[in-house]
Amino acid sequence: MIPAIKILHLEDSDKDSELIRSMIESGGIRHDYFLVDNETDYKKILEKEKIDIILSDYNLPDYNGQDALRVAREKYFHIPFLFVSGTIVEDAAINAMLNGATDYVLKNKLTRLVPAIKRAIHECELENERKEAELALKESEKLLREAQKLAHLGVWSWNADLDLVTWTDELYQIAGLNPMLPAPSYAGHSALYTPQSWQLLKTSREKALKTGKPYKIELELIRPDGSIRNLIVFGGRKVDSQGRVTGLIGTVQDITDRKMAERELILAKEKAEESDNLKTAFLQNISHEIRTPLNSIIGFSSLLTEEGITKEDIKTYTAIINHSGIRLIDIVTSVLDISRIQTGQVTVDHKTVEIKPVISRLLAHFKPLAAGKKMVLAFHNPKNDLKTICTDEALLYQVLSNILLNAIKFTEAGRIDFGYKIRKADIQFFVRDTGIGISPEHYGLIFGRFMQTELTTSKTYEGAGLGLAICKGLVELLGGRIWVESEIGEGSTFFFTLPA
């Protein structure tokens with residue numbers, strides 16, 4: 001059943017009101033009827049009830065129909081307004097229509113009333129539907145824009161006849177261009193892309209126009225600020241109702257963030273693989289380094305229990321066992337040191353340290369080792385000799401000790417020189433040897449954990465590959481940095497700095 005409409009009738013004549021209402025009822029219009037004859041009641045009903053149509057006399061004793069129309073159009077513009085009057089003249093009727101009245105009906109021609117009401121209600125419904133559709137379209141467009149923004153998806157179109165390119169707002173955002181300016185022309189797109197991308201785009205568009213097959217390609221776009229954006233571009237040709245190709249249409253999606261995430265995943269994978277390689281190298285090195293001294297300790301300990309062993313043999317075997325024990329302790333100590341550095345358990349005790357005693361201890365410890373390999377170990381004083389330095393003495397000694405031990409290990413003949421020089425912001429220490437040298441591609445590796453230039457179990461040089469990693473960790477804790485300069489067969493020079 002069609003719902004009843006609500007009619008507000010502004011009329012001062014009860015007789016005319018009854019006549020008009022009877023005409024409405026006879027016309028089959030279901031309705032609720034509200035009769036008023038003054039401004040106060042008129043406004044009250046409009047505020048209280050959801051009125052569907054207003055009928056109004058043109059002249060009333062206490063109110064004017066034109067004033068009633070003005071109130072309706074100011075606050076209730078969606079309600080149809082019909083003048084039903086016996087005194088309205090043609091000029092007044094035309095003026096009423098210009099001011100927003102829907103229609104007018106003369107009281108001596110009330111046969112027009114029902115059709116006029118039905119037409120006004122129908123037109124009002126159509127207008128409401130149009131507005132709802134318009135609002136729905138705007139909401140849909142808003143949702144589409146938001147979806148395109150979230151997906152970083154822009155839409156473009158090219159009209160071949162006019163060579164006119166149109167972009168959506170999101171495409172301007174992707175390209176970093178001002179949306180108030182016209183989109184670049186077809187040829188103007190060459191300035192937006194890298195040369196390789198422009199060539200690929202140009203070829204793909206020409207192929208799409210010729211064959212009708214859409215394309216999907218990845219391109220690199222250059223923004224005005226010089227930054228590069230990675231894009232996925234879809235495109236296909238437009239055809240009119242006669243089958244004539246009119247241009248191209250497509251989408252552009254910014255996948256820069258996704259590409260960055262992919263690159264980060266690849267880097268993470270490479271780091272994980274590198275970590276696995278480091279662990280493998282560590283296990284290989286440690287198993288070899290621990291087994292070797294343990295085998296010596298066990299083997300020569302067994303020999304000490306044999307009958308007929310001489311004092312000279314006991315002395316030799318004991319020395320070997322002692323050397324192997326020291327070597328085993330060094331390996332365990334290195335592992336513990338790198339573990340403490342990694343977990344932040346190393347405490348730095350900055351205080352005034354005299355340089356000369358540190359150098360004397362190093363020379364006393366390492367000169368015999370160098371002499372045993374028939375090498376020269378020399379310390380070089382700078383011209384402006386430094387008496388003291390504010391640092392951690394134990395950590396400084398450990399760093400220099402590890403680098404010197406490394407130099408002796410990898411040098412078969414020649415000499416090892418070490419010293420320092422005073423600079424404006426720091427003190428630069430160095431250890432120079434004439435050993436086997438290091439290739440440039442290994443500069444970064446040698447300061448990694450468990451790394452030597454040979455990652456095999458049959459290494460020429462003993463060691464767990466932790467010495468330089470420990471040095472790097474300790475130098476950084478002391479506020480400096482460490483690096484190497486070297487050449488294969490020409491020796492190496494290790495440098496590290498400490499704050500002055």
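1. R229 and D254 are both buried, where buried means under 20% relative accessible area, exposed means over 50%, and partly exposed lies in between (1.4 Å probe, protein chains only). The side chains of R229 and D254 meet in a salt bridge, with N to O at 3.0 Å; the term denotes a side-chain nitrogen of Lys or Arg within 4 Å of a carboxyl oxygen of Asp or Glu. This pair links distant parts of the chain: R229 belongs to strand β9 (residues 228-239) and D254 to strand β10 (residues 245-254), 25 residues apart. Helices (H or I, at least four residues) and strands (E, at least two) are DSSP runs, numbered from the N terminus.

2. The model is predicted: local features need pLDDT of at least 70, side-chain atom pairs count only at pLDDT 80 or more, and totals for chains, interfaces and linings use all residues. Residues are numbered from 1 along each chain as its sequence is written, and side-chain values use heavy atoms, with hydrogens and water left out.

3. The structure holds 22 salt bridges. Among them is the pair D240 and R244, whose side chains meet at 3.4 Å, N to O. D240 is partly exposed because its relative accessible area is 24%, and R244 is partly exposed because its value is 42%.

4. A further salt bridge joins E412 and K373, the closest N and O atoms being 3.9 Å apart. This pair also links distant parts of the chain, 39 residues apart: E412 is in the loop between α11 (393-409) and β14 (414-422), and K373 is in the loop between α10 (355-372) and β12 (375-380). K373 counts as partly exposed because its relative accessibility is 27%. Elsewhere, salt bridges that share partners join E11, D16, D57 and K107 into one network.

5. A negative surface patch is formed by D12, D14, E18, D37, D41 and D62. Patches are made of residues with over 30% relative accessible area and no salt bridge, with like charges joined within 9 Å and nonpolar side chains (Val, Leu, Ile, Met, Phe, Trp, Tyr) within 5 Å.

6. Two residues with a positive phi deserve attention. Most residues other than glycine have a negative phi. D163, however, has a phi near 50°; D163 is found in the loop between β6 (153-159) and β7 (164-167) and counts as partly exposed at 38% relative accessibility. K374 has a phi near 60°. K374 is placed in the loop between α10 and β12 and counts as exposed, because its relative accessibility is 75%.

7. How many disulfides does a search of the whole structure find? The search finds zero, a disulfide being a pair of cysteine sulfur atoms within 2.5 Å. Two cysteines may be noted here: C124 is buried, with a relative accessible area of 15%, and C471 counts as buried at 0% relative accessibility.

8. I54 lies in strand β3 (residues 53-56) and is buried, with a relative accessible area of 0%. The C-alpha atoms of I54 and A261, 207 residues apart along the chain, are separated by 64 Å. E39 lies in helix α2 (residues 39-48) and is partly exposed, with a relative accessible area of 34%. E39 and V71 are 32 residues apart in sequence and 9.8 Å apart in space, C-alpha to C-alpha.

Key:
Accessible areas come from the Shrake-Rupley method with a 1.4 Å probe; for residues, only the protein chains shown count as cover. Lys and Arg count as positive and Asp and Glu as negative; His and the chain ends are not counted. The place of a charge is taken as NZ of Lys, CZ of Arg, CG of Asp or CD of Glu.
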